[in-house]
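Please examine the sequence and the coordinates before reading the solutions.

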Amino acid sequence: MRVIIILLLTSLVSFSIAVAGEKNAAAPLFSLVSSSGKSVALSDYRGKVVYLDFWASWCGPCKESLPWMNEVKREIKSDLFQIIAVNLDSERDSAERFLKEHDVGALTVAFDPSGGTAESYKVAAMPSSYIIDTHGNIVASHRGFHESSKQEIVKEVKALLAEQGIK
Amino acid sequence: MKILRLFVILFALSLCSCAEVKPWQKENLARGHMAFDPDQAEARYVRHLYTSKEGSSGGYGVGGGGCGCN
């Protein structure tokens, strides 16, 4: 009896499940619409370093994270680096109002009101962000947005770009 | 009768539900009037008094208000 219990416990421990939205897993593909009506599909970004951020107009930290992301994109001008900000507001108006009030010109904003894409990335906090490499794999993820995240994110992105030969 | 009572209890329990709220569905919880403490400064003061009196802390608040941001 004891042997069976020990065997069961060890087998549980040895299971390792690769879950979507976790490090080094393939980033779930999506196809959403941008504010200009154009299609934003992750498959189009193969070969680029993507910073994917899930935000909403009602999320406090997002008031800081979006302008900051905009600044980062203006600083890292390379076309190989793209930022996709996926909005999860259930009402488009709230999102549009937020976008008018904050400078987000350098970002690609896409809308996911039903939350299907967020679901596929297993978003567990608002905001959440994922850094996707040129092969379409998630190499880092961040839950929430903190002052300490800023430097870390820039470092991770620059490291990926350095692999592509971009300073 | 015992079996009937058991069925009634089980039926009543089955009527309960746990609605899972996804992080991106917490828009209404993020509103000001949904926060536990509307006045942060006063709340911090009261919390400090409580911590001093009780000699313990915790059991309050959710990150970023009810919306769970950060």
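The exercises below are each followed by a worked solution.

This is a predicted model, in which local features need pLDDT of at least 70 and side-chain atom pairs count only at pLDDT 80 or more, while totals for chains, interfaces and linings use all residues. Residues are numbered from 1 along each chain as its sequence is written, chains are lettered from A and ligands numbered from 1 in the order in which they are written, and side-chain values use heavy atoms, with hydrogens and water left out.

**Exercise 1.** Determine how many salt bridges a search of the whole structure finds, and locate the partners of the one formed by D79(A).

*Solution.* Step 1: apply the criterion, a side-chain nitrogen of Lys or Arg within 4 Å of a carboxyl oxygen of Asp or Glu. Step 2: D79(A) pairs with K48(A), and their closest N and O atoms lie 3.2 Å apart. Step 3: these partners come from distant parts of the chain, 31 residues apart, with D79(A) in the loop between α2 (62-75) and β4 (81-87) and K48(A) in the loop between β2 (39-41) and β3 (49-55) of chain A. Helices (H or I, at least four residues) and strands (E, at least two) are DSSP runs, numbered from the N terminus.

**Exercise 2.** Is E75(A) buried or exposed, and which residue is its salt-bridge partner?

*Solution.* Step 1: the partner is K158(A), at 3.6 Å between the closest N and O atoms. Step 2: E75(A) belongs to helix α2 and K158(A) to helix α5 (residues 147-163) of chain A, 83 residues apart. Step 3: classify by relative accessible area (buried under 20%, exposed over 50%, partly exposed in between; 1.4 Å probe, protein chains only). E75(A) is exposed because its value is 55%; K158(A), at 37%, is partly exposed.

**Exercise 3.** Explain why R92(A) and E96(A) are separated by about one helical turn.

*Solution.* Step 1: their side chains form a salt bridge of 2.9 Å, N to O. Step 2: the two residues are four apart in helix α3 (residues 92-101) of chain A, so about one helical turn separates them. Step 3: R92(A) is partly exposed at 38%, as is E96(A) at 25%.

**Exercise 4.** Identify which residues are linked with E64(A) in a network of salt bridges.

*Solution.* The network joins E64(A), E147(A) and K150(A).
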